[in-house]
Amino acid sequence: LGVPVLFGTKHENAEEAAALAAAGGAFIVSCATALESEIRKLLDTEARVAAGNAARAFTESQLGAARANAALIVERMRPAD
């Protein structure tokens, strides 16, 4: 959707969360002070748009991953000849 995302520190089971943060489209906050700091940064239109564009680019780069994974699973489940 082209908007930046904020995560808490409990996202170990979602590799995409860390990857999105590394791409600049998300921010991981560990406490209320960090949350306030990130929100204040995102009040700046230029920073918010840049992070949103990074989030959109990351999301678009991942399109088709679920389909590819499903195809791989189906292929591996086929009986051997």
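Predicted model: local features only at pLDDT ≥ 70, side-chain atom pairs only at ≥ 80, totals over all residues.
Helices here are DSSP runs of H or I with at least four residues, strands are runs of E with at least two, and both are numbered from the N terminus.

**Ground rules.** Residues are numbered from 1 along each chain as its sequence is written, and side-chain values use heavy atoms, with hydrogens and water left out.

**Overall layout.** I looked up the elements and got four helices and two strands. Read from the N terminus, they run β-α-β-α-α-α. The radius of gyration (taken over C-alpha atoms) is 17 Å, well over the 12 Å from the globule rule (2.2 Å times the number of residues to the power 0.38) for 81 residues, so the chain is more spread out than a compact globule. Its C-alpha trace spans about 60 × 25 × 15 Å along the principal axes.

**Burial.** I found that 17% of the 81 residues count as buried. Buried means under 20% relative accessible area, exposed over 50%, and partly exposed in between (1.4 Å probe, protein chains only).

**Salt bridges.** I used this rule: a side-chain nitrogen of Lys or Arg within 4 Å of a carboxyl oxygen of Asp or Glu. The count comes to two.

Arg40 pairs with Glu36, with the closest N and O atoms 2.8 Å apart. I checked where they sit: both are in helix α2, four residues apart, about one turn of the helix. That helix covers residues 32-42. Arg40 is exposed at 54% relative accessible area, while Glu36 is partly exposed at 40%.

Glu38 pairs with Lys41, with the closest N and O atoms 3.5 Å apart. These two also lie in helix α2, three residues apart, about one turn of the helix. Glu38 counts as buried at 14% relative accessibility, whereas Lys41 is partly exposed at 46%.

**Nonpolar patch.** I also looked for surface patches, which are made of residues with over 30% relative accessible area and no salt bridge; like charges are joined within 9 Å, nonpolar side chains (Val, Leu, Ile, Met, Phe, Trp, Tyr) within 5 Å. Leu6, Leu35, Ile39 and Leu43 form a nonpolar one, with about 330 Å² of accessible area together. Areas are from the Shrake-Rupley method with a 1.4 Å probe, and for residues only the protein chains shown count as cover. I placed Leu43 in the loop between α2 and α3 (45-61), and Leu43 is exposed at 60%.
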